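Reader: I have a model open and want to ask about it. Can you take me through it?

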Amino acid sequence: MAKTLLVTGGAGFIGSCFVLQRVLGGDTVINLDKLTYSGNLENLKSIQANKNHIFVHGDIGDEKLIKELLEKYRPDAVVNFAAESHVDRSIHDPDVFVKTNVLGTEVLLRVVKDWWKDLQQEKKEAFRFHHISTDEVFGTLSLEDPAFTEDTPFAPNSPYSASKASSDHFVRAFHETYGLPTLITNCSNNYGPRQFPEKLIPLMTLNALAGKNLPVYGTGENIRDWLHVEDHCEAIHLVLTKGRVGQTYNIGGKSERTNLFIVNKICELLDEIKPLGAGKSYKDQIVHVTDRLGHDFRYAINCSKIEKELGWSPKHTFEEGIKETIEWYLNNPEWVKNIQSGEYRKWIELNYAGRQ
Ligand code: NAD
Ligand code: TYD
């Protein structure tokens, strides 16, 4: 049955993919987004004229606005993507991570809980608050460690992951204390179209095409588990509609790769699709630079819970997904040009100029 969803952060990379899927799937989406540097209405261009998508410019920490939206639209669920999402930015300035990820999430939870508690029984029981989180809350693994399960203790190492872990605890506490019907999903590294080019895959792709250095932090042996954003959003919808209340579910791509593997793969694909000629390869642009502070070595997700309980598994293989993703960046030069604005250039200067 079609639902009304209040989605936060739906102009960002993952949120916009979810909004596109849900609006095309027949749901109505109220999309609340602050439009920070990574929020981009161009991500939602294809549903601009769709009556089932209502965009609201605002902050998850704005109590009055959240209350008005709940009363006006009476959503069946709130899905919270809104966050500061980049580890390197959290190292430079943790403050805004606490403001949005911790304090903002608490405000959202509290206002939703106050509205939800007076709902009529049937609507109250069917309501869901779904919080989107990360595998980074579990800390780091060695090569030999088993992958993270839902029971792995939290051990966040960066200001970003500490703020996400804190928000997860608040969501859990609102379920345990007030009975708010919550769901949490902890996913691995996403990739796909429309990702802000501060993250590894779009950064390396766009730097390669621009003839710039490909800055691998440290040895490049660090491992991430890559999940296609469309597989992730399908998993979120499944958990939202069929997941057990109060539970957390891990979502992973079953694609552990080292950073060096990823960067080499991007270069090989670009060498095929857009050859440089004269025997040159994009690999010549790879440089090793000063490592990230507190750099987590490995993340890996055991997603057997969602597979067994809900029958989900990722549809994209990494090899197909990465090729499609690189082609998307090549085929969308306007999106790329607009996003590489003044703010983006400032960030590149701040994060990379001081690295040897
Ligand atoms: P993103 O940075 O692309 O998008 C974040 C969105 O939230 C932006 O549209 C931004 O404008 C909005 N936003 C920020 N602060 C806000 C506020 N105070 N109020 C309202 N909106 C605000 O991030 P993403 O990659 O799409 O990540 C979405 C969620 O998924 C985040 O919660 C992130 O922690 C989580 N996550 C991301 C990844 C990944 O690989 N990208 C992995 C695991 C978990
Ligand atoms: P990133 O995309 O920032 O995601 P996360 O830190 O949340 O996993 O980084 C992915 C990996 O790539 C991580 O190990 C850091 C590394 N990396 C680089 O080597 N160079 C870069 O310029 C960036 C942005 C990341």
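Reader: Which strand or helix gives the most to the shell around ligand 1?
Author: That is β5, with three residues. Strands (E, at least two residues) and helices (H or I, at least four) are DSSP runs, numbered from the N terminus. This is a predicted model, where local features need pLDDT of at least 70, side-chain atom pairs count only at pLDDT 80 or more, and totals for chains, interfaces and linings use all residues. Residues are numbered from 1 along each chain as its sequence is written, chains are lettered from A and ligands numbered from 1 in the order written, and side-chain values use heavy atoms, with hydrogens and water left out.

Reader: How many residues surround ligand 1?
Author: There are 28, and among the closest are Asp33 and Lys164. A residue is near a molecule if one of its heavy atoms lies within 4 Å of it.

Reader: Where does Tyr160 come in?
Author: An N or O atom in the side chain of Tyr160 is 2.7 Å from an oxygen atom of ligand 1. With Asn190, a backbone N or O atom lies 2.9 Å from a ligand 1 oxygen.

Reader: How much of ligand 1 does the protein cover?
Author: The protein covers 97% of the 830 Å² of accessible area that ligand 1 has on its own, by the Shrake-Rupley method with a 1.4 Å probe.

Reader: New topic. Is Ser255 buried or exposed?
Author: Ser255 is buried, because its relative accessibility is 4% (buried is under 20%, exposed over 50%, partly exposed in between; 1.4 Å probe, protein chains only).

Reader: And where is Ser255 found?
Author: In the loop between β11 (248-251) and β12 (256-258).

Terms used. Polar contact = N/O pair within 3.5 Å; in protein donor to acceptor, adjacent residues only side chain to side chain.
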